[in-house]
Amino acid sequence: MSEKLLEFKNISKSFYGNQVLKDVSMTVKKGEVHALIGENGAGKSTLMNILFGMSAIHETGGFEGSVMIEGKEIKIKSPHEAMDHGIGMVHQEFMLIPGFTVTENIKLNREITTDNAVSKVLGGRLKGLDYEKMNHDASKALNTLDMDIESYAQVAGLPVGHMQFIEIAREIDKDGIKILVFDEPTAVLADAEAENLLKAIRRLADKGIGIIFISHRLDEIVSVADTVTILRDGQHIATKPISETSAADIANMMIGRAVTIDREESADRQISDEVALKIENLHVNMPGERVKGVDLEVRKGEILGIGGLAGQGKLGIANGIMGIYPAKGKVTFNGKELPLNNAKQVLRNGVAFVSEDRKGIGLLLDEPIELNIAFTAMQVEDKFLKNFGIIKMQDTRAIKEHANKMIKDLDIRCTSSMQKAGSLSGGNQQKVCVARALTQEPQLLLVSEPTRGIDIGAKKLILDLLKQLNEEMGMTIVMTSSELAELRSICDRIAIVCDGTVAGILSPTDSDTKFGLMMSGVTEFEEGGNE
Amino acid sequence: MLTERKKLSFKDIINGIGIPTLIIAAFFALILVIAHFYDLSVVTLLSDTVKRAGMNGLLVLAMLPSIQSGTGPNFALPIGVECGLFAMVLAIEWGFTGWGWFGVSVALSIVFAILVGWAYGKLLNAVKGSEMTIATYAGFAICSFMCIFWLMLPFKSPNMGWFIGQGLRETIQLDAVGADMILNNLLGFWIGEEFYVPTGMLLFFFLCCFLVWLFFRSKSGIAISAVGSSNAFAEASGLNVNKNRVLANIISTILGAIGIIVFSQSYGYLQIYTAHLNIAFAAVAGILIGGATASRAKVSHVIIGVFLFQGLLTSALPVANQIFAGTDLSEIMRMIIQNGFILYALTQVKKGGK
């Protein structure tokens, strides 16, 4: 049991001078379920990419440290080599061909073949398939998982949970599989299916396969894993046997940043009790960020943060309100119901949006800064236009004047207001997005991931700007961000979204443990009141 | 330091115009030089260039709205062209002549083009992602459909019918209705013996260019451009992407319809049936040579492109005939340049409807 199967030794990796892994070591033993946990960007995926020899690693200069399998150092240069070493991966998204049967999917490219007259003449590619043997193998693999699926069924009609098992069956059917990586395997499964999966994982481990289990769900980790390794900001924080730790402990280590509350409460700043925005039972069908029934109230004049892990639906809320993805539910703004799936009406009602997708939704990259800034206000509110009766022409001078004012106010670094938005740096692009939102003179500003992909200096500027808008103009702001530290630095309250719903609302001064647990979907540790 | 700045600006100018455009321009100049040495009249060639550019100008201009709206160059130009042809035929049948004929043709063609362009725009919205392919087939299909239509028309005008049987002739002479070169000759004048300036036609072309330029500075025009650059951005700003695409293609169809009227009066003949089957390709090549891409275009691209491309076509033919007597090389060259350019531009198109 204690045999070392896989060993990472002092792994470091940087992308273009940006260190993402610092001296990480980790050992997976035979028959062990080893959980790997960390926030988004903690370095889990990079570590796995190194294990699989992904080209993204080699093309950026390789890595430092060594990877050892059964005591021997190996150099893996491609995913194919990783497979030869007995390393398998169960993907988060299913990589199955819907029109093929279960057997065909499991055996794809590893078919058992028989000779026939044609193949003897024209070569091995034309050999026949031995379905009987293949079905037998497939059934065996499925039985190992205790799954009762007919191996001749087509994948297309099967429930999601079954597809996950077929993926696993494909991996364990491979000869000499030693290590199996599960990347958030339960993300798309219902509770009962997830439970089955965890049981199957346990069974596989008992057969002597080493399992690396990546998940955000702390309760799962506690129930299935033997050992847990925590990464944070590319650093190895701890490796502990599960029996010596707890969900709260893990959560604390996962977040564990010294929080700086640099929000000095100015005396004249008042948040009224008046509700500006009321969201009731909002469902948004945004791929990868599905919202499944959110209730939330935003008070006039506050900065409300929306946090949570990637894929849990926090980004879907603002996108749903703004009509970018199909939504249903009820959203009331200043006592008036906002029509959903109607961007124009929402914008007209004084709600502005700075999207997380800066290059796609946020900007017209090939157009000058001035048009980018003026565009929404022009189209929605008929600003910057001269009316000639039948046709409304743009007021070039007014646009330029306004753009120059914004460039000065927000300190947008550019050669002129005619510079194309696409040629600006990330931080300056973000300022253009904010400028466009401000041009609408909104009463409510929705900001999503305002500092994503921006260097540290510019981050502070953007956050200061939001704070300033809130304090000086009394603008109500809803800020969605993956960076908890950022939310805690400027928000009044922070709603944590987990699995498409609001798990709870915390104060920025609450403990790391509380944040960590709530983000990971553990609810029983909270002080009452949460259903 | 000063020289460095100058250098940079020179490079900027080259990049601004675009290297393909410069190559074609150099090639055009080269042909004119060769023509001079073969004792061909360069002035006549230039005069023809101006005339052909004026004839084709609106057809090239028709590419602009559809490119800006993100549906790509309007390969379905024949749809607009057939609207124009039908309008002209109707105007002849109803007995209009001269300016009356021209005015009625333009007015009718606009009406037809709005209706047909609207339906065509709806079609494009149903096939997002493969607009250019669908447009090409739609253009071919409408031509074939109209072939049947021309034969079935129960028109009585002796100017248009076959001498025996039913239907319209392949080529209808416009001098019979007093409309031959009617726009060209408006305020037209000779410079010297060989250079004729078709003032009316050029003014009409530039007027249309100006109107289109103005339109793309209006609220609707800017909305169309935004839809073309980024559907997601436009939607997030509350624009109706589909409506804007339809509007752009209506405008494109109208320009195509008026374009063929201008073309026909300058040519002196009204050609129907399959004469204009491939008309879109020359127009697409024209705007691309002018520096446009399949996703972005300006009025300046239209003007530069139509003069360069038509110049090349008009002057290459006599020069090639001089050098390689008895061959059809100039037509082959035309095909290579025209289709080569379309091919080049299409390889630059980014995949998907965003």
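What separates the centres of domain 1 of chain A and domain 2 of chain A, taken over C-alpha atoms? The separation is 28 Å. The structure is a predicted model, in which local features need pLDDT of at least 70 and side-chain atom pairs count only at pLDDT 80 or more, while totals for chains, interfaces and linings use all residues. Side-chain values use heavy atoms, with hydrogens and water left out.

The domain assignment of chain A gives domain 1 (1-86 + 178-256), domain 2 (97-175) and domain 3 (275-364 + 441-519); such bounds come from an automatic or database domain assignment.

Helix packing in chain A can be followed with α7 (residues 160-173) and α8 (residues 191-206), which pack at an angle of about 15° with their axes 10 Å apart. Helices (H or I, at least four residues) and strands (E, at least two) are DSSP runs, numbered from the N terminus. Axes are lines fitted to C-alpha atoms, for helices over the stretch in contact, and angles run from 0 to 180 degrees between N-to-C directions. α7(A) and α8(A) are therefore roughly parallel to each other; angles under 35 degrees count as roughly parallel, over 145 as roughly antiparallel, 65 to 115 as roughly perpendicular and the rest as oblique. On the α7(A) side the contact involves A:Gly161, A:Gln164, A:Phe165, A:Ile168 and A:Ile172, which meet A:Glu193, A:Asn196, A:Leu197, A:Ala200 and A:Leu204 of α8(A). These residues divide into 6 nonpolar, 3 polar and 1 charged, where Ala, Val, Leu, Ile, Met, Phe, Trp, Tyr, Cys and Pro count as nonpolar, Asp, Glu, Lys and Arg as charged, and the others, Gly among them, as polar.

Two sheets of chain A come next. An open sheet of 6 strands with mixed pairing has the order β18-β21-β22-β15-β23-β24; two strands pair if DSSP finds at least two bridges between them. Its edge strands, β18 (351-354) and β24 (501-506) of chain A, each pair on one side only. Neighbouring strands are turned by 20° against each other on average, direction ignored. Within this sheet, β21 (residues 444-448) and β22 (residues 476-480) of chain A run parallel and are joined by 5 bridges. In this pairing, A:Leu445 stands opposite A:Ile477 in β22(A). Helix α16 (residues 426-439) of chain A packs on the sheet and touches β18 and β21 of chain A, its direction making about 170° with that of β18(A).

The other sheet is open, with 4 strands in the order β14-β13-β16-β17 (chain A) and antiparallel pairing. Because β14 (291-299) and β17 (336-338) of chain A stand at the edges, each with a single partner strand, one side of each is left without a neighbour in the sheet. The twist averages 10° from one strand to the next. β16 (residues 327-333) of chain A runs antiparallel to β17(A), with 3 bridges joining them, and A:Thr332 stands opposite A:Glu337 in β17(A). Helix α11(A) packs on this sheet, touching β13 (275-284), β14, β16 and β17 of chain A, and its direction makes about 110° with that of β13(A). Helix α11 (residues 314-321) of chain A also lies across β15 (303-307), β18, β21, β22 and β23 (493-498) of chain A, running at about 140° to β21(A).

In chain B, helices α8 (residues 199-215) and α11 (residues 241-267) pack at an angle of about 175°, with their axes 12 Å apart. That makes α8(B) roughly antiparallel to α11(B).

Terms used: Residues numbered from 1 in each chain as written. Chains lettered and ligands numbered in written order. Contact = heavy atoms within 4.5 Å.
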